[in-house]
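Please open the model in your viewer and keep the selection tool at hand. This tour goes from one selection to the next and says what is there each time.

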Amino acid sequence: MLYIFSSDSPSIQLSEMINAFCHSYSDFKFVTLDNLPSLKPNDKVLFAWEADICGVDTSILKLIHKAYLSSPKFFSGCKGSILCFSKTIFYTKYFSSHIAFLTNNMGLEFIGKPMVEAVESYNNFKNKQRLNNISLKQLCLEECMNLGKRLKNDKHELQQNPKITAVHASHIDRSNTYALMKLILDNLSIEKSIFSLAEERIMDCRGCDFEQCMNFSNHGVCYYEGDKLKDIFKSLDSSQALLVACPNYNDSMPANYFAMINRMTYIYRQKDFSDKYLYAIIVSANSGFDMVAGQIISAFCFNKGFRLAPNFALMEQANEPLSILNLPHINQSMSKYAKDLEKKLKEN
């Protein structure tokens with residue numbers, strides 16, 4: 001069953017996007033505050049929202065709030081995707097990542113490339129129009145239709161002996177983030193490869209034009225092909241999941257992660273990451289966990305197409321070096337996260 005969490009009064013544009021998404025569904029229901037469903041495993045969920053003058057959709061927030069009051073794990077076992085429309089060029093990624101963060105913490109898995117966004121006059125489809133002789137609006141509706149099909153037919157299959165690629169950017173002798181990552185990896189019986197972005201200089205994207213980038217991509221290389229990223233991408237190619245160990249640096253990911261994401265474009269042009277799960281460890285001395293998690297969701301899931309594992313992020317607060325190891329609950333939290341991760345990667 002497909003359940004649609006949508007605006008109270010969707011615009012013509014959003015309604016058309018929803019209709020295109022539902023083209024391959026014979027059975028779907030719109031969720032309201034008065035008929036909150038009891039979801040079952042493998043049910044599908046669509047969030048269809050549009051930005052008000054503040055960049056949010058209060059109808060969606062009210063529905064998620066009521067779902068949480070019903071059960072903090074309301075979406076467990078279900079898979080989701082997002083449609084969004086804005087009458088301006090703003091807000092689509094911002095609020096969509098917030099929706100994903102909230103509902104993922106309630107157990108919802110998002111398929112790879114889970115969002116179709118449309119901004120003012122569908123202008124965000126202009127690049128794709130270069131390769132298609134159809135209108136911007138029709139491009140948008142076709143993407144909505146394809147997303148609906150992918151969600152309906154999603155039957156993710158994993159290998160019998162899964163592997164995870166883990167990446168960090170920390171000093172291993174005093175980092176709380178690295179210490180927590182190591183605890184988790186030590187509790188996994190699956191194959192793992194660990195890479196550090198802190199050991200050497202990582203070059204950011206050079207900004208090659210499209211044709212240059214495609215030429216490098218067709219040869220399986222990047223303009224900067226001699227640094228650690230080549231080894232990370234090679235490991236990721238044979239992995240079923242990516243674990244990002246990410247400290248909070250000024251309410252943001254460390255710079256080396258942004259370089260990694262930017263440089264991933266040449267791989268992304270040739271390889272589909274939608275069969276690979278995304279996990280994250282986020283450690284902050286104060287607050288800002290949601291800021292960092294939102295960046296990771298937007299960059300790795302929305303942009304590069306990784307699957308967002310349910311409850312993808314383990315978020316812990318720690319300040320003094322290695323003090324995370326002394327938190328009274330850390331072994332229980334770490335053990336559950338590792339157990340759930342391994343179980344997900346071994347599902348058939």
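Which residues point one way from β6, and which the other way? Lys163, Thr165 and Val167 point one way, Ile164, Ala166 and His168 point the other way, and all are buried, where buried means under 20% relative accessible area with a 1.4 Å probe and protein chains only. In a regular strand the side chains alternate between the two faces of the sheet.

Before going on, note that this is a predicted model, in which local features need pLDDT of at least 70 and side-chain atom pairs count only at pLDDT 80 or more, while totals for chains, interfaces and linings use all residues. Residues are numbered from 1 along each chain as its sequence is written, and side-chain values use heavy atoms, with hydrogens and water left out.

**First stop: β6 and its partners**

Select residues 163-168, which are strand β6; 6 of its 6 residues are buried, so β6 is largely enclosed by the rest of the structure. Strands (E, at least two residues) and helices (H or I, at least four) are DSSP runs, numbered from the N terminus. Now select helix α6 (residues 176-186), through which the chain crosses from β6 to β7 in a right-handed β-α-β crossover, meaning that, with the strands pointing away from the viewer, the path from the first strand over the helix to the second runs clockwise. Then show β8 (residues 241-247), which runs parallel to β6 and is joined to it by 5 bridges, with Leu242 of β8 standing opposite Thr165.

**Second stop: β4 and β5**

Select β5 (residues 109-118), where 9 of the 10 residues are buried, so this strand too is largely enclosed by the rest of the structure. Strand β4 (residues 79-85) pairs with β5 in the parallel sense over 6 bridges, and Gly80 stands opposite Phe110 in β5. With helix α3 (residues 92-104) between them in the list of selections, β4 and β5 make a right-handed β-α-β unit.

**Last stop: between the domains**

Select domain 1 (2-153) and domain 2 (163-346), whose bounds come from an automatic or database domain assignment; both give residues to the lining of the second largest pocket, so this pocket lies between them.

Technical notes. Buried means under 20% relative accessible area, exposed over 50%, partly exposed in between (1.4 Å probe, protein chains only). Two strands pair if DSSP finds at least two bridges between them.
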